[in-house]
Amino acid sequence: MKITAIRTKLYQWKGPVKTIDTVFATPVSLLPFQEDAQAAYRFFSWLVVEIETDNGLVGYGNAGLSPDVTKLIIDSKFKSLLIGENPLNNEYLYEKMYRSSVAYGRKGSVIAAISAIDIALWDIKGQAAKQPVFMLLGGRTKEYIPTYYSRLYTRNLDQLQQEAAHYKAQGFTGMKLRCGYPLTEGNAGLKKNVEMVRKVRETVGDDVEIMLECYMGFNFNYSRQLLKELEPYNLRWIEEMLLPDEIHNFAKLKNYTDIPLSGGEHEYTRFGFYDLLKADSLDIFQFDTNRVGGFTEAQKICTLAYMNGVEVIPHGGQMHNLHVVMSSFASPMAEYFPQTEIEVGNEMFWYIFDGEAVAENGKLQLDDNKPGMGLTLKTEGLEHFNIIE
Ligand SMILES: [Mg+2]
């Protein structure tokens, strides 16, 4: 089998965007003069990669991370490395792309580009074998995939409580909220962040797991104080308190708290995760398969994590992560971004692909009989997109 064509399609959303009060701390919110600290972290485009073979198979990969830049990297750097190659040699092709780009790559968009291609190659492998990708990775390790609801963006406490009660009633046994108040609001903001958690705990009771997202928005001292004040609320984890490069400070925080620390949503490749493990810095890894190096790299990181007692709970749901969760004992559950109106960008994939798993009673299921990733591109309802090839 040979790769005959690689196409990149940038889906740019030009439709309505729901302007709810999506306030949360971000890396930018520590800076002065910021009117909208979320701006850099809302994204309204997505990249799809199609890889075609000489026997007529088409594999689909995708990238949500800086999709315009990722498209350029694939088109200008990786396409020519792959045309004519056997798509089933995914390990070799990963190394070929990684080693060819290491001088300017290693992390960020270049690895997102490799990831998108790797996902498409595994989709082809699954279709060729007439098996779902999870069956090729490690098979079924669970009857179904437990999932937690990832939203609760508002900082209006009444609305927050209503939403939390609604998700619980839908059967979700875990849910994640965001820190609504940035570091620049000081101790008063810190108390309000704690109050948000308290209100959600009060609403859902003790049997629902609560997670708190900090989205890289804090520093060491603020984080230490916040962890101290959150101790009574039995959080399942607290996510990305610091910048991804503050591995040493994550390790220090871990010594100050019993609340599990999660991160790695913005870390890349087995080398990045090996550094996190060596520093004993996190309890939970949250790579996204479409950023970390695709399935080829994700399965290696799962093994490293499992050996070291670290859980893998990938960022963002989507089929490429669900195949990893289903096939690995390192991974107990998946994140679930529900299909909503377009708000921050995390929900965009629902409008591009058909075949994404929909939660029922807080659980996700993968079909044993759907080969490859199990996704196709939507052919209707695309009037709100500019699609740039
Ligand atoms: Mg996150």
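Me: Where does Tyr 98 fall, buried or exposed?
Reply: Tyr 98 has a relative accessible area of 12%, so Tyr 98 is buried. Buried means under 20% relative accessible area, exposed means over 50%, and partly exposed lies in between, with a 1.4 Å probe and protein chains only.

Me: What kind of model is this, and how are its residues numbered?
Reply: This is a predicted model in which local features need pLDDT of at least 70 and side-chain atom pairs count only at pLDDT 80 or more, while totals for chains, interfaces and linings use all residues. Residues are numbered from 1 along each chain as its sequence is written, and side-chain values use heavy atoms, with hydrogens and water left out.

Me: Back to Tyr 98: how is its ring arranged with that of Phe 271?
Reply: The ring centres of Tyr 98 and Phe 271 are 6.1 Å apart and their planes are at 20°, so the pair is stacked. Rings of Phe, Tyr and Trp (its six-membered ring) pair if their centres lie within 6.5 Å; planes under 30 degrees apart count as stacked, over 60 as edge-to-face and the rest as tilted.

Me: Which helices hold the two residues?
Reply: Tyr 98 is in helix 2 (residues 90-101) and Phe 271 is in helix 9 (residues 269-278). The two are 173 residues apart, and the pair links distant parts of the chain. Helices (H or I, at least four residues) and strands (E, at least two) are DSSP runs, numbered from the N terminus.

Me: And how accessible is Phe 271?
Reply: Phe 271 has 43% relative accessibility, so it counts as partly exposed.

Me: How many aromatic pairs are there by this rule?
Reply: The count comes to 18. Ring pairs also link a cluster made of Trp 46, Tyr 149, Tyr 167, Phe 172, Tyr 336, Phe 349 and Trp 350.

Me: Which residues is Glu 356 in contact with, leaving aside neighbours within four places in sequence?
Reply: Contact means heavy atoms within 4.5 Å. On that basis Glu 356 touches Gln 318, Met 319, Phe 349, Trp 350 and Leu 375. Phe 349 and Trp 350 also belong to the ring cluster.

Me: Where is Glu 356 placed?
Reply: Glu 356 lies in the loop between strand 12 (353-354) and strand 13 (363-364). With 8% relative accessibility, Glu 356 counts as buried.

Me: What about Thr 269?
Reply: Thr 269 also is not a glycine, and its phi is positive at about 60°. Thr 269 is placed in helix 9 and counts as buried at 2% relative accessibility.

Me: Which residues does Ile 111 contact beyond four places in sequence?
Reply: Ile 111 is in contact with Tyr 98, Arg 106, Tyr 268, Thr 269, Arg 291, Val 292 and Gly 293. Ile 111 itself is found in helix 3 and is buried, with a relative accessible area of 0%.

Me: Finally, how much of the whole protein is buried?
Reply: Of its 389 residues, 59% count as buried. The C-alpha trace spans about 60 × 45 × 45 Å along its principal axes.
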